[in-house]
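Please have the sequence and the coordinates open while reading.

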Amino acid sequence: MNKDEAQAFVDAWLLNGPPVLSSVSDLSIEELTTKAQDAVDQHVMFEAKHYLLELLKRDFQTARTYLNLGRLACERAEVDEAMDWYRKSIALDPTNQDSHGNLIFLQDVSPTTTDAQALRDRRHFFTACCQD
């Protein structure tokens, strides 16, 4: 892509919004899951969110889907939204250490977190993940 093509792309993006992703209606759950994880791993946030939300629309709710949505929200500095996604992940898999750890970290940096919330979530983490 040369400089003029790049500028035309940017101008079209600003005028019309982000490019429309290919249709996902004909993709299987497995294909959507793979595309979503690849986009998350490559930090292609818009594409990743597109696939992850499609999985939720199809009632494919997994702790990993919510964990990845939390990671994407965190990358956008949407702390409260990220915490909500992590809580949904934990609700589906109370032993998910990544979701617990990310939630606890965000609570530590969020001015909206109360001491009671932080203590409750830490106790939940230790009960679910640290018991032999």
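Is the crossing of α4 and α5 left-handed or right-handed? The crossing of α4 and α5 is left-handed; a crossing is given this name if the near helix is turned anticlockwise from the far one by less than a right angle, and is right-handed if clockwise.

The model is a predicted one, in which local features need pLDDT of at least 70 and side-chain atom pairs count only at pLDDT 80 or more, while totals for chains, interfaces and linings use all residues. Residues are numbered from 1 along each chain as its sequence is written, and side-chain values use heavy atoms, with hydrogens and water left out.

**Overall make-up**

The protein chain has seven helices and zero strands, in the order α-α-α-α-α-α-α along the sequence. Helices (H or I, at least four residues) and strands (E, at least two) are DSSP runs, numbered from the N terminus. Of the 132 residues in the protein chain, 31% are buried. Buried means under 20% relative accessible area, exposed over 50%, and partly exposed in between (1.4 Å probe, protein chains only). Among contacts with a separation of 6 or more, 51% are between residues 24 or more positions apart; contact means heavy atoms within 4.5 Å.

**The α4 and α5 pair**

Two packed helices are described by the angle between their axes and the distance between the axes. Helix α4 spans residues 63-75 and helix α5 residues 79-92; their axes come within 8 Å and cross at roughly 165°. Axes are lines fitted to C-alpha atoms, for helices over the stretch in contact, and angles run from 0 to 180 degrees between N-to-C directions. The two helices are therefore roughly antiparallel to each other. Angles over 145 degrees count as roughly antiparallel, under 35 as roughly parallel, 65 to 115 as roughly perpendicular and the rest as oblique.

On the α4 side the contact involves A63, Y66, L67, L69, G70, R71, A73 and C74, and on the α5 side E81, A82, W85, Y86, K88, S89 and L92. The residues of this contact divide into 10 nonpolar, two polar and three charged. Here Ala, Val, Leu, Ile, Met, Phe, Trp, Tyr, Cys and Pro count as nonpolar, Asp, Glu, Lys and Arg as charged, and the others, Gly among them, as polar.

S89 belongs to helix α5 and is buried, with a relative accessible area of 0%. Apart from its neighbours within four places in sequence, S89 is in contact with A63, Y66, L67, N96 and S99.

**Salt bridges**

How many salt bridges does a search of the whole structure find? The search finds five, a salt bridge being a side-chain nitrogen of Lys or Arg within 4 Å of a carboxyl oxygen of Asp or Glu. The table includes some of them.

| Pair | N to O distance |
|---|---|
| E54 and R58 | 3.0 Å |
| R76 and E81 | 3.0 Å |
| R87 and D84 | 3.9 Å |

R76 is partly exposed at 32% relative accessibility, and E81 is partly exposed at 26%.

R87 and D84 both lie in helix α5, three residues apart, about one turn of the helix. R87 is partly exposed at 26% relative accessibility, and D84 is partly exposed at 43%. Elsewhere, salt bridges that share partners join K49, R76 and E81 into one network.
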